[in-house]
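Here are my notes on the aromatic pairs and the nonpolar cores. Have the model open while you read.

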Amino acid sequence: MPQEAIVNATARAPSRRVMLYSHDTFGLGHLRRSRALATALTAGDPDASAIILTGSPVAGRFTFPERVDHIRLPGVTKLPDGSYDSSTLGLDIDATTNLRAGLIQSAVEQYRPDLLIVDKEPTGFRGELLPTLEWLQEQGNCRVVLGLRDVLDEPKVLAAEWERKGAVKAAEAYYDEFWVYGVEGIYDPTSGLPFSDATRARMHYTGYLRREVTDSADVPDDPYILITPGGGGDGAAMVSLVLDAYEADPDLGPQAMLVYGPFLSGDVRDAMDARVARLGGRVIATGFDSRIEALFAKAQGVVCMGGYNTFCEVLSFDRRAVIVPRTVPRLEQWIRASRAEELGLVRMLDDGRDGMTVEAMIKAIRALPDQKKPSEAGADGLLDGLDVVVQRGRALMNQKD
């Protein structure tokens with residue numbers, strides 16, 4: 001390519017570059033949140049582009065809008081004892097972490113972002129982000145933000161985890177701002193963390209991240225309730241309980257649309273498919289749909305777990321919902337669901353209060369039509385997150401000029 005063409009190509013390159021990092025060792029939450037943020041930050045701005053660094057094994061199954069791309073980091077698997085192993089490369093976890101760290105550093109050096117948004121983990125997976133954060137601080141040309149979901153974990157557990165990882169020290173040293181994708185009056189995810197006053201002054205509550213239907217999907221013609229365990233990796237018990245309910249009560253309706261999620265698979269999935277088949281069309285099932293927003297938009301109600309993205313979809317599409325939160329290994333979903341129930345936004349099926357029984361699930365499904373919609377409890381005022389993110393992001397990038 002002639003030198004003049006190279007110069008012109010460089011001049012035409014987007015002048016606002018955003019990079020988003022999500023370690024994504026398990027589930028869909030971090031990736032889907034990063035995709036929503038990247039879409040908002042580039043929409044309507046022809047001079048903006050975004051790259052998502054993700055360890056999600058299903059990143060390639062999502063569509064990304066124009067000027068948004070992703071780089072897949074080598075995957076890792078969380079073992080039952082809480083340790084990690086490399087997913088596919090035959091490397092030990094230290095070698096895999098070093099490889100990921102090198103790829104992250106190279107991507108940042110080549111892309112030269114104006115804004116880096118780190119999801120949840122201040123030091124990255126096993127500290128893999130620290131060399132890049134130090135390099136960016138030395139360069140001084142990129143603003144760095146730590147994005148936190150509305151609930152992380154119960155305060156004592158969170159404080160111990162962040163102390164072990166050196167996360168508080170890293171957060172205070174390397175981050176220009178902290179964005180909490182929630183509402184301060186509902187919950188403070190940093191409660192229990194020993195942040196300095198100066199650090200807390202850099203914290204912004206954005207509100208929840210509104211979702212919209214961006215891609216069409218096949219939606220049942222007949223009325224249905226949506227059953228979703230999110231990514232599905234820890235959702236087998238909830239899905240099984242819903243199937244129990246439809247098996248025990250032949251008059252239970254309407255039909256259910258079950259989306260297993262990509263991580264509910266193998267023998268467990270096969271056994272559930274056999275149960276679905278025996279229900280004669282009262283429950284229909286699919287493995288994974290990256291366009292689940294369209295299914296939310298048309299559902300009469302939702303039975304789901306209590307992950308952040310699912311909760312945002314319940315609010316965004318104003319769906320009556322029964323949330324069945326997990327309680328291990330974190331209380332995050334239970335805290336979110338219990339606060340939402342207190343505010344009248346959803347109904348929670350709580351093992352300690354209601355019992356995780358077939359009768360309780362049948363009662364909850366039958367009561368869905370009589371629940372208030374989230375909008376009746378003021379949900380619309382909670383969903384300004386993407387607007388605030390765009391405002392804060394552009395303000396930070398303008399500080400570079």
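The points below start with the ground rules and then go through rings and cores.

1. This is a predicted model, where local features need pLDDT of at least 70, side-chain atom pairs count only at pLDDT 80 or more, and totals for chains, interfaces and linings use all residues. Numbering runs from 1 along each chain as its sequence is written, and side-chain values use heavy atoms, leaving out hydrogens and water.

2. Phe, Tyr and Trp rings (six-membered ring for Trp) pair if their centres lie within 6.5 Å; planes under 30 degrees apart are stacked, over 60 edge-to-face, and the rest tilted. That rule gives six aromatic pairs. One of them is Y175 with F178: the ring centres are 6.2 Å apart and the planes sit at 40°, so this pair is tilted.

3. F178 also pairs with F195, again tilted, at 5.8 Å centre to centre and 45° between the planes. F178 is in strand β8 (residues 177–181) and F195 in the loop between β8 and α7 (197–200), so the pair ties together parts 17 residues apart in sequence. Strands are DSSP runs of E, at least two residues, and helices runs of H or I, at least four, numbered from the N terminus.

4. Y175 and F178 are both buried, as is F195; buried means under 20% relative accessible area, exposed over 50%, partly exposed in between (1.4 Å probe, protein chains only). W162, Y175, F178 and F195 make up one aromatic cluster.

5. A nonpolar core is a set of buried Ala, Val, Leu, Ile, Met, Phe, Trp, Tyr and Cys residues joined through side-chain atoms within 4.5 Å. The largest has 58 residues, and I117, Y208 and L226 touch the most other members. A second, separate core of 34 residues includes Y21, A107, A167 and V180.
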